[in-house]
Amino acid sequence: MYPPIEPYETGKLKVSELHTLYYELSGSKDGNPVCLNAGGPGGGADEQDRSFFNPTKYKIVLFDQRGAGKSTPTACLEENTTWDLVKDLERVREHLGVDKWHVFGGSWGSTLSLAYAQAHPDRVKTLVLRGIFTLRKSELKFFYQEGASHLFPEAWDDFTAPIPEAERHDMMLAYHAQLTSVDDETRIRAAKAWSKWEMVTSKLYVDPKQIAHAEEDVWANAFARIENHYFVNDGFMRDGQLLDQQEIDKIRHIPCTVVQGRYDVVCPATTAWALKKVWPEIEFHIVPDAGHSSREPGIAALLVKATDKYADI
Ligand SMILES: CNCC(=O)c1nnc(C(C)(C)C)o1
């Protein structure tokens with residue numbers, strides 16, 4: 001990855017009566033624009049993600065999605081859907097005077113990138129996607145009801161701990177009740193447990209620094225509330241919508257590189273493979289010694305290789 005850099009510009013963009021987004025620009029002011037879609041949803045932009053791009057070549061656009069990071073109101077679930085975020089991407093693009101841009105995203109960021117590209121294919125130069133996530137019911141069931149639970153049984157016990165036995169047959173719904181509770185203690189305890197489940201399972205070798213992130217009240221509250229809100233609403237999409245052949249055919253002309261960890265238990269390889277089967281033209285990599293995180297060495301290396309390859313398009 002490229003060395004850490006600081007933004008040369010930051011700003012706030014009012015995108016509705018309720019929501020204002022935080023954004024930042026880094027790299028080259030006259031560079032090739034790239035939009036980075038953060039994970040979660042609700043995780044907020046990560047400054048380390050700037051390092052996936054050659055700063056002399058790219059104008060790197062990071063922003064916090066509705067309710068995430070420095071965007072306000074924090075953790076707000078009103079007017080917060082996939083399609084609001086797709087519209088926000090266009091608002092940010094127009095605000096920055098960008099005609100077309102590269103689009104980069106992992107996990108939920110891959111979801112939003114696919115949804116945006118299918119809605120606005122004429123605005124997307126290339127796609128670099130990691131840990132493919134399309135919010136199908138089967139994907140959500142694997143991670144939040146039964147699947148990953150068999151690989152991380154001890155962490156699964158911690159995840160189920162806040163939920164009464166009688167409610168554990170529908171974990172996402174049970175967490176929704178606690179994450180939207182008016183009782184602060186209930187809400188924060190649930191938010192930390194929800195966030196920790198994802199942090200513990202995101203890398204092949206558990207990363208204590210990532211787990212510590214889940215202990216940050218403000219971050220965990222936004223991450224957990226917004227993720228759960230999208231998931232109990234199936235991402236505000238038909239099941240499998242992003243993989244429908246007629247949706248894929250809208251973007252098949254766009255150069256696309258997919259990087260997937262073989263041992264990704266958050267967004268298992270089955271979805272990346274399903275994308276490859278409906279979009280055979282994509283450059284497709286499965287990293288044999290990686291989990292979900294973009295920081296896995298093998299994943300990071302291939303993501304940078306892809307952005308270097310697309311830098312002059
Ligand atoms: C189910 N959520 C997958 C996702 O988008 C995601 N996984 N990790 C993250 C963070 C990097 C934001 C923690 O986001």
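User: To start, how many helices and strands are in the chain?

Analyst: There are eleven helices and eight strands in the chain, where helices (H or I, at least four residues) and strands (E, at least two) are DSSP runs numbered from the N terminus. This is a predicted model, in which local features need a pLDDT of at least 70 and side-chain atom pairs count only at pLDDT 80 or more, while totals for chains, interfaces and linings use all residues. Residues are numbered from 1 along each chain as its sequence is written, and side-chain values use heavy atoms, with hydrogens and water left out.

User: What does the chain average in pLDDT?

Analyst: The average is 98, and 100% of the residues score at least 70; pLDDT is the predictor's confidence in each residue, from 0 to 100.

User: Ok, the sheet. What is the strand order?

Analyst: The eight strands form an open sheet in the order S1-S2-S4-S3-S5-S6-S7-S8, with mixed pairing, and two strands pair if DSSP finds at least two bridges between them. The edges are S1 (9–14) and S8 (283–287), each of which pairs on one side only. Neighbouring strands are turned by 20 degrees against each other on average, direction ignored; the axes are lines fitted to C-alpha atoms, for helices over the stretch in contact, and angles run from 0 to 180 degrees between N-to-C directions.

User: And how do S1 and S2 pair, parallel or antiparallel?

Analyst: S1 and S2 pair in the antiparallel sense over six bridges, with Glu9 standing opposite Leu25 in S2, and a hairpin of five residues joins the two strands. On to S4 (residues 58–63), S2 runs antiparallel through five bridges, and Ser26 has Ile60 as its bridge partner there.

User: Why is S2 called largely enclosed?

Analyst: Seven of the eight residues of S2 (residues 20–27) are buried, so the strand is largely enclosed by the rest of the structure. Buried means under 20% relative accessible area, exposed over 50% and partly exposed in between, with a 1.4 Å probe and protein chains only.

User: Where are the parallel strands, say around S5?

Analyst: S5 (residues 101–106) and S6 (residues 124–130) run parallel and are joined by five bridges, and Gly106 stands opposite Arg130 in S6. Helix H2 (residues 108–119) lies across S3 (32–37), S5 and S6, at about 145 degrees to S5.

User: Switching to H10, which of its residues are buried?

Analyst: They are Ala269, Thr271, Ala272, Ala274, Leu275 and Val278, and these pack against H3 (137–144), H9 (245–248), S7 and S8, where contact means heavy atoms within 4.5 Å. The helix, residues 269–278, lies across S7 (256–261) and S8, running at about 155 degrees to S7.

User: What about phi of Ala75 and Leu135?

Analyst: Phi of Ala75 is near 60 degrees, a positive value in a residue other than glycine, and phi of Leu135 is likewise near 60 degrees. Most residues other than glycine have a negative phi, and most peptide bonds are trans. Ala75 lies in the loop between S4 and H1 and counts as buried at 3% relative accessibility, whereas Leu135 lies in the loop between S6 and H3 and is buried at 2%.
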